[in-house]
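Please look over the sequence and the model shown here before reading on. The paragraphs below go through them part by part.

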Amino acid sequence: MPARQDFTLGPAVVPAGTRGTVDLPVSHLSDHTPVSMSVEVIHGRRDGPTVFVSAGIHGDEVIGVEIVRRLLRASQLRGLRGTLLVIPIVNAFGFMNHSRYLPDRRDLNRSFPGSPGGSLAARLAHLFLTEIVARSDLGIDLHSAAVHRTNLPQIRISPDNAVTMDLAQVFGAPVILKSPLRDGSLRGAARDMGRDVLLYEAGEGLRFDEYSVRAGVAGILRVLRYKGMIGGRGIAAAKTPSQVCTSSKWLRAPAGGLLRTWRGDGDVVSQGAALAAVSDPFGRQEREITAPFDGIIVGRAVMPVVNEGDAVFHLARVASVARAETAVDDLSAQIADDPMFDEDEII
């Protein structure tokens, strides 16, 4: 059997059966400090797909960085088939500044496909697309809600893509949300190149939470197993199919004031159920927020102070409240009980 070829990325060469960290130059700060995009390349001895896992496209979405850290410690990767490209922090500028954006205030996930001579965001998008996406067969992109919001672990896919639907079910997050591609997004640019990307959303900006981290690590390992890249030892399939939601709506504050919430992310609610109330500071007026349809709360605000029109609950439509409750409860219990991801440190 002929030896597998080396994997070349930027200035580095990674031989088959080894792993290494490759620093791809991005730019220099104003004080001439170099900034790079670091990639862990795990190049298996045997042939297989090339998959990338990326985090930190938005610099304040730190939960993906912790998911990646745990993934890279997983024992299942030792006998990897194919090649795994792991990028813990795509947007180093935003990460260092605890900011969603780049220094030019551009959103990297609205800047694809980018260009080598454009803005800083355009250049970084172009680098990621040409060096990572173009070399891969599949991508898993990790995100969280913005600051002061939180998301239930969910996979977002295009409405008309059967391949990503299959992979999303394998991932086993509580919810699969069909969402259209946005102009300038990584998913959209990857699709134009013929590459599929799963988008994982979970947790809160600038925060860790154990449940979302476990769901992310477990899901990635399931996908790698499904693709034939790793063995199945210690990787349990999802006990229950994810709840598939074809549409969703943000419910907004009817007035400014103090927000008191009675429902949390993951709660399945019936049409007309009271979710929260907004009161003025004197307690003289109170406005309720109710569910306009049967749904599951896949995202919510965590700040108790709101202005009129602020997004408060992200409600995804469900066909059956009973089935949705069963699916979410079963998958949540599996994520919480699985001992494989217990570590010495507790977040």
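Predicted model: local features only at pLDDT ≥ 70, side-chain atom pairs only at ≥ 80, totals over all residues.

Residues are numbered from 1 along each chain as its sequence is written, and side-chain values use heavy atoms, with hydrogens and water left out.

Begin with the strands. Helices (H or I, at least four residues) and strands (E, at least two) are DSSP runs numbered from the N terminus, and two strands pair if DSSP finds at least two bridges between them. Strand β5 covers residues 46-54. Six bridges connect β5 with β6 (residues 81-87), and these two strands run parallel. Four bridges connect β5 with β7 (residues 138-143), again in a parallel arrangement. Together with helix α1, strands β5 and β6 form a right-handed β-α-β unit. A crossover is right-handed if, with the strands pointing away from the viewer, the path from the first strand over the helix to the second runs clockwise.

Next come the charged pairs. Side chains of opposite charge can pair when their charged atoms come close. A salt bridge here is a side-chain nitrogen of Lys or Arg within 4 Å of a carboxyl oxygen of Asp or Glu; by this rule the model has 13 salt bridges. One of them links the side chains of E61 and R100, at 3.2 Å from N to O. Is E61 buried or exposed? Its relative accessibility is 2%, so E61 counts as buried (buried means under 20% relative accessible area, exposed over 50%, partly exposed in between, with a 1.4 Å probe and protein chains only).

A salt bridge also joins R106 and D104, whose closest N and O atoms are 3.5 Å apart. Both are partly exposed: R106 has a relative accessibility of 42% and D104 has 26%.

In helix α6 (residues 210-226), R214 and E210 are four residues apart and therefore separated by about one helical turn. These two residues form a salt bridge, with 3.0 Å between the closest N and O atoms. R214 is buried at 11% relative accessibility, whereas E210 is partly exposed at 23%. Salt bridges with shared partners join E66, R69, R70, E210 and R214 into one network.

Two packed helices are described by the angle between their axes and the distance between the axes. Helix α6 packs against α7 (residues 321-337) at an angle of about 95 degrees, with the axes 9 Å apart. Axes are lines fitted to C-alpha atoms, for helices over the stretch in contact, and angles run from 0 to 180 degrees between N-to-C directions. The two helices, α6 and α7, are therefore roughly perpendicular (angles of 65 to 115 degrees count as roughly perpendicular, under 35 as roughly parallel, over 145 as roughly antiparallel and the rest as oblique). Y211, R214, A215 and R222 of α6 make the contact with S332, Q334, I335 and A336 of α7, where contact means heavy atoms within 4.5 Å.

Now turn to G266, in the loop between β13 (257-261) and β14 (268-269). G266 is buried, at 14% relative accessible area. Leaving aside neighbours within four places in sequence, G266 is in contact with L152, I296, I297 and V328.

Some backbone details remain. Most residues other than glycine have a negative phi, and most peptide bonds are trans. The peptide bond from F112 to P113 is cis, with omega near 5 degrees, and P113 lies in the loop between α2 and α3. R105 is also found in the loop between α2 and α3; R105 has a positive phi, near 70 degrees, and is exposed at 59% relative accessibility. L206 has a positive phi as well, near 60 degrees. L206 sits in the loop between β10 (196-204) and α6 and is partly exposed, at 29% relative accessibility.
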